[in-house]
Amino acid sequence: MTDRSRYWDDDRLTSAFRERAALRAGPPDLALAVLERVRPARTGHAARLPRRSVAILASSAVVIALLVGVFVLTRPANPVASPTTAFGRPILSVEEAIGIQAQPNDDREIAVRGWFSAAPAAPCPAPIDQSVNPVRLDCPRTMQWLMEDPEQLGVRPPTSAAIHPIFPFLDQSLLPTDPIDVVDLVVMGHFDDRRAVMCGVDDQFGCRDAFIVDRLVSVDGQAVPTSTVLDLQRLEPFGRVLPRWSASDVDALVAMAAPRATIVSRLAIPGQRIFEVEPSLGTGAHGIVGRQLIWVVNALESGPTQAVVVRTFVLVEDDRGEAHEAYEAVPWSQSVTGFAAINLRPPQESPAATEPPVTPSPNPTLSATADFPTSWLGLPVVGVSDVISRQTPDLIDDTAMFVRGWYVAPDPTDQCPALQDDRGPIEQPCPAGQHWLLEQPERLWTDPGGPWIDRRPAGPALNPIVLPDVPFDVPNLWFDTGPSPLPVVLLGHLGDTRSGYYPGVAQFVVDALVWRAGDAASARPWLTEPSVEDVTSVMARVDREAGPAVGTWLSVVSGAELAVLHTDAPPDLRDAPAVWIARSLLVEDGRPRVHAILTADKGRRVWSGMTLLTTIDLQIGDDVTLEISDGPDEIVAARAGLPEGAAEWVTGDGPPETGKVMLGVIPERPNELRIAWIGGDCDRTWRLGWSGGEVLLWPRERLGECRLWTRWEVVLTFDHAVELETIRVSNGGAGG
Amino acid sequence: MGERARRDTRIGPAIDRSLIDRARNGDLDAFETIVRARMDDVYRLTSAILGNEADARDAAQETFVAAWRQLARLREPEKFEAWLQRVAVNSARQTHRSRSRRRIREIPSSTVAALADRAAGAPPDDAAILDAALARLPVDQRAILVLHHLEGRPIAELASILEIPEGTAKSRLFTARRALADAIRADEARGR
């Protein structure tokens, strides 16, 4: 496709930005306003002034004070003693916490110190969204603050930096309930809570910006014990359930799953009310809503790179006080969290803190190092961390990458439920069905006798999406002692356009297994359906239409499966019994990309996604070619036309670089469509797309500047009669 | 996307290092000099990101107030300019978030004339087209476009200002450029 006349290149953008900035003059009093604000703060006066009213208030401070009821607090001469760290983390100021809040999708656990002001006893309007979510900033939470400086607020917001803390199901008995009582508070918590994804689209800011407190550390310097809340009131039948477990019992159970974690909160609640704490479980997942009593326990644990992570456990206390069910919050994808069943077993002897990753055994024998290739087909092989650093929810870059790592296969005996059809093929399966790619080999199970993965990797790891049509030839990797990591190099990409939901673009989608320890992966095509045509014939057709690639990996699927796995596949391939998928690695403008080239077994035409590559090539002039792309496969012949009389013509507007296009028919030849246009001598190759009722014509190759103009005319013969009034000329549209 | 070395000369002469050191030690007069030297640049940045005068004023004010409070903790005074821009971008984000529920779009008085020309049938100029398209973008995408195309920050400096890896900066800029292009095309299609 040639450049359009209104292409916004770097120069044009820069010019427009500067012109736009020049339209906005800087206000002359802004510097004075800043200095008025900072001067009192540094000299010890604690007066706070509304931001936009500096000049006005300078002359009417008394009036304003009476109107808004400003009360000023000064800092205590001897501030209460507070710790400088909590759970090994430095305690941040509220302003520093706001810097983290501003980062998108940053849910790291942090310790924050600030001045807490409770919400006043003011009436709240009925919420628009009646659904319950513990992290939504509904009134009166929006009037509850953790402030940088102590202020008595009433109903007005603070003038210093401040955030909204939420204490979901924490013991708040040590916190004041009157906003007059402002206390020095140290808390552990996080922004961008995983439950925010269940807030409505319009609430995302509110939910993600709320500071979810996991632990009250100190109030006015006094240490706060771990919170235990028993909220035992049932909805139906009305009444209370009584727990048999004590806090110690709960802690001992969690210690089986997370021996190194520190409990920060415990909540006992009837199962039918679980939606108030974990909205995702309120949908019926794992049948939690039907359980009599649930314990929700949060624990903090040091993760990789010294970060502190929150682990959430859901324990079911049955009516005999026994523990047979337990779950933990696990990430299903970039930003969606579900709950996976975990096995509670007595803790084994605690491994040494510096225990290196264990080498799995017995067969095949693996060492902790592998001789990974550093490059493949001339392109660098990167590590798992490199891919992780590129995973962001707004990423639409589908650059192909060769990635090395230790592959752990899902349990072959476990079955996942079918994927949700409306989310497209790029979706993580249930945890039992996930693939793993680890930066370093690790044992992902705690019990050698239990054939399931119940331990998170400590190092960087990916859950690559491996779809059934991808060449992925690995031997059985599950043995009696569990899954064995296998050194591999995978070809894959992020930003897959088949993702049906926003976080899906951050999934690493595998295109092929290219190397595994010991030898290169098999070069044979990956067959899921029987095919008739031989590989050489298929490759010749693919190379002819798509051009030679750096590397190509072949697989064969049925047309029906193609429709599920490649949602952009053309309709006529979906009916084919067998379709070849040639994953061709091409380097375009220095960027490697994988194109899925599709062609039916023993077929003739080749597509790249929905784009038909096979064209009817017609010489219409000296060194001038017309490439005709016949999507619906209705054109049986094409020839350069000579001006002939008695044709009915209509005119339409093509793309700007094409101009007017004339369509004509001669009544005596109802199967023929004549197309005429004016082209310049610099247009060497034209492209004509026929998509059934629409003609799109544009110069695909233009050399230099046109000086001479020629009228071109071609005649297309269809397998049916054409009706001129049903055909239109396309102008290329917004995207071309 | 090619990376061109392109330093914007719109930023004034570098702030004297001694001024920064004095301001870090609490010298308000030194800080005042810095504010007066950099206020126009910061206002231009917040204005370009937020698109309306009132929000840009608030964000510019908050930038320097925050800078005064955090200056003592600046570990690398030689990177003051990039640090100040980071603070300005964060202030713009905060201001935008606090206004996120506002439904009325304020039209800056300085662009009313340009919009009047457009309403009168004159073809919109590039600045007006850009203005309308930016308003459709999230504030983070606006910020990275402004830093790159208005402030002339190359990828490495974008990464430093936004505190993200260079690869992430590149892909975010790519995404923002594409979103801007889509917004421009959508506006053009409606204008036909």
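# Exercises: helices, a disulfide and ring pairs

From the N terminus on, chain B runs α-α-α-α-α-α-α-α-α. That is 9 helices and 0 strands; helices (H or I, at least four residues) and strands (E, at least two) are DSSP runs numbered from the N terminus. The model is predicted: local features need pLDDT of at least 70, side-chain atom pairs count only at pLDDT 80 or more, and totals for chains, interfaces and linings use all residues. Residues are numbered from 1 along each chain as its sequence is written, chains are lettered from A and ligands numbered from 1 in the order in which they are written, and side-chain values use heavy atoms, without hydrogens and water.

**Exercise 1. Find the disulfide and give its handedness.**

Step 1. Apply the cut-off: two cysteine sulfur atoms within 2.5 Å. The search of the whole structure returns 1 disulfide over all chains.

Step 2. Name the partners. They are Cys682(A) and Cys706(A), with sulfur atoms 1.7 Å apart.

Step 3. Cys682(A) lies in the loop between strand 39 (672–680) and strand 40 (683–690) of chain A, and Cys706(A) in the loop between strand 41 (694–702) and strand 42 (709–718), 24 residues apart.

Step 4. Read the torsion. About the S-S bond it is about -70°, so the disulfide is left-handed.

Step 5. Check burial (buried is under 20% relative accessible area, exposed over 50%, partly exposed in between; 1.4 Å probe, protein chains only). Cys682(A) is buried at 3%. Cys706(A) is buried at 15%.

**Exercise 2. Classify two aromatic pairs.**

Step 1. Set the rule. Rings of Phe, Tyr and Trp (its six-membered ring) pair if their centres lie within 6.5 Å; planes under 30 degrees apart are stacked, over 60 edge-to-face, the rest tilted. This gives 9 aromatic pairs over all chains.

Step 2. Take Phe116(A) and Phe167(A). Their centres are 5.6 Å apart and their planes at 85°, so the pair is edge-to-face. Phe116(A) is in strand 3 (residues 110–117), and Phe167(A) is in the loop between strand 6 (165–166) and strand 7 (183–190), 51 residues apart. Both are buried.

Step 3. Take Phe80(B) and Trp83(B). At 5.9 Å centre to centre and 40° between the planes, this pair is tilted. The two are 3 residues apart in helix 4 (residues 80–98) of chain B, separated by about one helical turn. Phe80(B) is buried at 3% relative accessible area, and Trp83(B) is buried at 9%.

**Exercise 3. Find a charge over a ring.**

Step 1. Require NZ of Lys or CZ of Arg within 6 Å of the ring centre and within 35 degrees of the ring normal.

Step 2. Arg711(A) qualifies: its charged end sits over the ring of Trp649(A), 5.7 Å from the centre.
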